[in-house]
Amino acid sequence: MEMETRMKKRIRVEANTEPSESPFEVLSEEILFLILDLLDSNPLDKKSFSLVSRSFFAVEARHRRSLTPLRPELLPFVLSRYNSISHLNLTLCPYLSDASLSSIASLLGPSLRSINLSGSRSYSHRGIESLANKCFNLEEIDVSNGVELTDEAAAAIGRMSKVERVRMGRCKKVTDLGIGCIAVCCPNLKLLCLKGCVGVTDLGVALIAVKCRKLRSLDVSFTMITKKCLPAIAQLPNLEELCMTGCLGINDKALVTLKQGFKSLQALDMSNCQNISQASVSSILQKNPSLHHLNLSYCSPVNSMLSGLHGVFKLNSIKLDGCHVSTDGLKSLANSCISLKELNLSKCSGVTDEGISVIVAKHKDLVKLDATCCRYITDLSLAAITSSCASLVSLSMESCTKVTCEGFRLIGRHCPKLEELNLTDTDLDDEGLTSLSQCQNLTSLKIGICLKITDEGLIQIGRSCPHLQELDLYRSIGITDKGVSEIARGCSNLETICMSYCTSISDESLKCLSNCARLNTLEIRGCSLVSSVGISAIAARCCNLSKLDIKKCYEINDAAMLSFARFSHNLRQINLSYCSVTDVGVSALASISCLQVVTMLHLSGMSADGLAAALLMWGSLMKVKLHVSFKPFISPVLINRVESRGCMFQWLNKPFQVQLESSEVWKQQSHDIFVE
Amino acid sequence: MCMKQIIGEPGIDLSSDSKMDLKLTRNSESFHKPNSSNHNLNSFNQASQYFPNLSPTNFLSRAENLQQNLKTKSTNSFEPNLNSGMATQNPPLDWDPHAMLSNLSFLEQKIHEVQSLVQSIIDQQAEFSSRPSELATRQQLATADLTCIIIQLISTAGSLLPSIKNTLLSNNPALRQLVNPDFNNNLKCEGLIRNFPETARNSEYEDLLRNLDNEADWMKEPNPPPQSDIVDANPIDEHDLKESDDGDAEREHLPPGSYIVLQLEKEEILAPHTHFCVICGKGFKRDANLRMHMRGHGDEYKTPAALAKPSKEPGSDAHPVTRYSCPFVGCKRNKEHKKFQPLKTILCVKNHYKRSHCDKSYTCSRCHAKKFSVIADLKTHEKHCGRDKWQCSCGTTFSRKDKLFGHVALFQGHTPALPMDEVKASGSGQGNDDMTEDLGGYNGNFASEECLTSMDVKGIDESRAYFSPMNFDGFGALDEFGRGGFDLEDNPFAFIPSGFGQRSGDS
C-alpha cells in the first residue's frame, strides 16, 4: 500500500514538474512495469493509470497478465488490446459461444496459460478444441459446471499436452473414456478435479493414477468410485492432496484392506463419506503418519470417530464437523497427535468441557478452534482454552448458549492474537464486548443475535479494533446509529457489514459507513428507517460495493437506484425486494454493466412492461428472482432471448409479508426448533 | 483289462475310464506277434477283427448280394492269399507292427497290379475299340481291384483305432461269427473281385463304392472335418471344453514321478470319435451314446446290464494319478520339455493340441478376423462378437470397458477412442487432422505383437490365410459329430432301424 501511494505521488510529482511536454515519456517501460506491479490491490488504480497517457495505456495493456472480462461481446476488442494475457477468467461471462472461444484462442494464442470457464455455459467441445489447437502453452483449464460437456471435450483437453491443472467439476456427461484421454495425453497433470463427475468410475480414476504420475492434487468428490481405484491412487508418488468428499462407495473395508498408505499425502478430505467409521480413521492415520490435514466432517453422526487411536500422528488439522465425538475420542486424539493447530468440532454431538480441556491442555499451539453449536460447553471450556492457547487466532462459539459473560471476559483477557471471533447467538453483553475489545487484531467479529449488546459495547470495539474487516450485527437489535458510526470511524478497513433487522439503524449509520471506502458487502435487510439518502451516500463513496441487500427497506426508492447506476460500477448482486422501486429504478439498475444477480420480489412500482424493458437491456444478468405473478406477462420470446444470453430465471411464489417479526420472538422460535 | 496290455505296466489298471481306453490303445507297445505264414491274409483278418466296425454286416451282406447277383467272371491274384488265410484260426488281439508292415506291402503290391491293369487297358485301347465287352470286363476288374485296395486300406487304418470291440467280441458269439475268418473268407472280396457281371454298373455297387470312399477319406483325413454343431449336439461338451482349460494343471504342482505320463498321438487327439459301434462302425464321442445306439442292434443290447455304465473294476480307485503329455516335441506340455507341465485330462490334451498346434480354421462369421481351432471357442466368441463397443485408438476393440482400460494402461500413448457417432459429430472440428496424426503415432508404438496377442485382443488379423465364412459353412455341412453329418441316406451302414440313427447323433 505504502509503496503504491508513494509511486502515485511520484507520478504526480513528475507530472507537475514537466507540464509542458509529455512528462511521462521520461519513464521507461521497465519503471512503468514496476509501478504497475504494485497496483494490484485495486482494479480501479490500473484503470486510472492507463488513462494517464497513450504510452501508459499501451504499457498497461502490455503489463496486464490476467483479465476477468464482464461481457463476452467485448472480448475481441478487449483481447486485441490486452494481447499478452496469460490468465483469462471468464466466470462472469455466462454466455460464451464456441465462436468466442475460437476468437480468444486465435487472439491470445500461445500466450494464454490459464483459462477459467467455470461460470460459462453454451460452449461445447469445439470451443475447447480450438483452444487446444491454438493455445498450446495452456497449463490450466477450468471447465467446471459444464454439465453439457461430453467426452469429446475431455478428449480436447487431453490434446493440451502441457496442461497441468484441470478442473472439471460437475461435468456429468464426461465418462471414463474422456478421462482416459486426459490421463494418457496429459502426463504433466498436477491437479485434477473431478468433483461430481458422476460418469467417472474406478476405471477412469485408476487410469489417471497410473498415467499421471506427477499428480499432486486429486479431487474425486461425489463420484461413484469404490475401493478398486484406491490401490492405484496409493501408488502415486507425489500426491499431496486427496479429496473424496461424499464418496459413498468408499467404506471401511476399502480403507482397512488398502495395503499401503498414500505415499506423500498431506491432506485428505473424506467429509460426507457416510460409510466409514472409526476403523477407517485409525487405519488411515496409521498408514499415513505424515498426514497433516484430515477432514472427516459429516461422516458419522452416531458413532464416535476417534476412539481407539494408536500411534503418533503429525496431524495439524482435523475437521470433525457434524460427527459424534466422545470425550474418550478427544482424549485419544489429544494423546496420539503431536501438535494440533486446527480443530473443527462444529455441530459435534458429545463434546464436553472435559473433552475440550484435554485437547487444549495437550495442544497449546492450537490456532483455530471451531466449537459451533457445542451446546454443552460452559465457561470451564473457555477457561481451559484461554489459559492454554495463547496463540489462538480463530475461535467460533456460535450458539454455545451455556457460556456466560465470564467466559467472554476470559477471551478478551487471554487471547490477544485473536483475529476471528464468532459469538453469534450467545449471551454476550456489553461487558463482554468491552472485554473483547482487548483483542486488537480482530478482523472478523460476528455478534449477531446477541440481543443484549448495545452501542456501549460496540463503541469500545470501534475504538480499539482498527483492523476489523467484517462485522456481523444480524438481529442485534440493541445497536443504533451511535454504535455503527463509531465502528465506521474506527474501522476504516471494513469490507463487510451486516446490520439486517437492526431496526434502529437509519440513514445516519450509512452516511458514516460511506467513509469505509473498501466496503463491498452491505446487508441492511429490514432496516425500515433507511432511505435513499443513506444508501445513495454509500453508492457515491463506496465504489467497491458489490453485494447489497436492501430487502424490506421500504423507504428506498428510484433515487437510490439512479445513484447505483451512476456510481456503483462494481455492483454484482442486489436484493431489493419490497423496496419502493419503480420501472425507472429497475431500468437504471439494468444499466449497471456487471450487475448479475438480482432479486426483485414484491416491488410495488414495477410493471410487467418495465420489467420486460429492463430485461431486454440487461446484458450482464445471470440470475434473476422474480415473483411468479409476472411470468404470464413476460413474452416467452423475451424469456428465451434472455436465457440464451446465459441468464437463469427463478420464479418464486412467496407471499407478500410486510410485517416484521420482532427479533426476540424470532430468537425464541429458532431455539424452540432446536429443542424439538 | 485291456489297459494293462496297452500300457504294459502290470498292476496298473486304468480301465475305469472307457474314453481313456480308446485313446490309449495306440500307445500300447507290448504285442504278441501272431504266428502267421501269410502276412497278407493274417493282416486282413486281423484288421477285420480290430476294426469290426469297418467290416460291418451291412457291408458284407451287400457284398453277398453282389455275389448272388453277379456272375463269376475271372480269376484274381488275390485268391491264393485268401485261401492261405484260413490257417489263422485265432488271430491275436493285439496290433502288430509286422502285420501292419505286411498289410502295407500287400497294398503296395495291389496298387502295382491295378496300375499294370490300367496300363494294359491304355495299351490295348485300339483292340478294345473293336471288342467293347472286353474293355468293360477289364474296367470292372480294375474297379474291383481298387475296391479291394480300399477295403484293405480301411482295415489297415482300422487297426489303428481303439479296440473296445475286443471286449464285446469276447462276450458275443454272434460277433465272433461275424469276424470268423471262415465267414470272412466266404464273404470276402471273392465275390466282389471275381464275380463281376457284364452289367457291372450296378447302382448299388456304386453306392457301396462311394460309401467306402467316403469312409476311407474320413479315416485318412489327418484333420477331422470341423464340427460346427458339435456344441449343440453335446451341450455338456461345451461345458467341458470351457472348464478344462490348458492351464488347469499349472496350478497343481505334482512332483515329477508321482504320476503316470501318457502321450497320445496326434491322430488320436484329432480323431472325432472315440467310441465305435462294433456292428456298424458308427462313431460316438461318448460311451453312453454308443450304448444307446447299440440298442438298435438287437435285444441283447437292451438289457439293463448292457445299458449300464461300465462299472469301475475293484481296486481301480487306487490307480495312480495320470497326466498327459502333448505329442508336439518342444511344447512345454511335452514330456521331453525341461519345464514339463502335464495336462490334466484328455480333454485338456485335445484343447491344448488344437489351440496350440493346429491351424485356426474356424473363422468368426461376423468379424471375419478372429480365428479359432476349437469350435467351442468360436461359439463363445460369436456370442460376443460385434458387441465390442470399447475401442482403443490403435483400433483394437474390447467387449468390456475394464479390458480396454487395462490395455490403455499397459501401452504408452494408446487412448480410449470415443464412440464413432461422437467423433463424427465433431468432424468439423479443426483438430481432426492432428488427431489422426496422433493415432498414426500410436500405431507405431506397439511394444510387440506378442504382448498384444496375449491379451484379449480382437481385430488384429494374423497374416495366415483363413477360411472364409463360406468355407466355414461348408465345414458345418461336413460335420460328422452333428446331426447333419450322419444322415441315414448317406450312411453306408443303413440297416440300422430308422429313428435310432437319428437319435444316436443327438443323444
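Before the first entry, a definition I need: helices (H or I, at least four residues) and strands (E, at least two) are DSSP runs, numbered from the N terminus. I also note that I am working with a predicted model.

**Entry: an annotated span in chain B.** I looked up residues 275-302 of chain B, where UniProt, in an unreviewed entry, places the feature "domain: C2H2-type". I found 29% helix and 14% strand in this span, and its end C-alpha atoms lie 18 Å apart.

**Entry: one serine.** Is S336(A) buried or exposed? With a relative accessible area of 3%, S336(A) is buried, because buried means under 20%. I placed S336(A) in helix α14 (residues 327-336) of chain A. Leaving aside neighbours within four places in sequence, I listed L309(A), G311(A), V312(A) and F313(A) as the contacts of S336(A).

**Entry: two helix pairs in chain A.** For packed helices I note the angle between the axes and the distance between the axes.

I began with helix α24 (residues 583-590) and helix α25 (residues 608-617) of chain A, whose axes come within 9 Å and cross at roughly 5°. The crossing makes α24(A) roughly parallel to α25(A), because angles under 35 degrees count that way. From α24(A), the contact takes in D583(A), V586(A), S587(A) and A590(A); from α25(A), G610(A), L611(A), A614(A) and M617(A). By class I have five nonpolar, two polar and one charged residues in this contact.

Then I turned to helix α22 (residues 532-541) and helix α23 (residues 558-567) of chain A: their axes come within 9 Å and cross at roughly 5°. So α22(A) is roughly parallel to α23(A). On the α22(A) side I wrote down S532(A), I535(A), S536(A), A539(A) and A540(A), which meet A559(A), A560(A), S563(A), F564(A) and F567(A) of α23(A). The class count for this contact is seven nonpolar, three polar and no charged residues.

**Entry: aromatic rings.** How many aromatic pairs does the structure hold over all chains? I have six. One of them is F49(A) with F56(A), a stacked pair at 4.6 Å centre to centre and 25° between the planes. Both F49(A) and F56(A) are buried.

I also checked Y474(A) and W666(A): their ring centres are 6.0 Å apart and their planes stand at 75°, so the pair is edge-to-face. Y474(A) lies in the loop between β17 (470-472) and α20 (481-490) of chain A and W666(A) in helix α27 (residues 663-675) of chain A, so the pair ties together parts 192 residues apart in sequence. Y474(A) is partly exposed at 24% relative accessibility, and W666(A) is partly exposed at 22%.

Definitions and conventions. Residues are numbered from 1 along each chain as its sequence is written. Chains are lettered from A and ligands numbered from 1 in the order in which they are written. This is a predicted model: local features need pLDDT of at least 70, side-chain atom pairs count only at pLDDT 80 or more; totals for chains, interfaces and linings use all residues. Side-chain values use heavy atoms; hydrogens and water are left out. UniProt positions are given in the numbering used here, feature names are shortened, and annotations may be inferred rather than shown by experiment. Buried means under 20% relative accessible area, exposed over 50%, partly exposed in between (1.4 Å probe, protein chains only). Contact means heavy atoms within 4.5 Å. Axes are lines fitted to C-alpha atoms, for helices over the stretch in contact, and angles run from 0 to 180 degrees between N-to-C directions. Angles under 35 degrees count as roughly parallel, over 145 as roughly antiparallel, 65 to 115 as roughly perpendicular and the rest as oblique. Ala, Val, Leu, Ile, Met, Phe, Trp, Tyr, Cys and Pro count as nonpolar, Asp, Glu, Lys and Arg as charged, and the others, Gly among them, as polar. Rings of Phe, Tyr and Trp (its six-membered ring) pair if their centres lie within 6.5 Å; planes under 30 degrees apart count as stacked, over 60 as edge-to-face and the rest as tilted.
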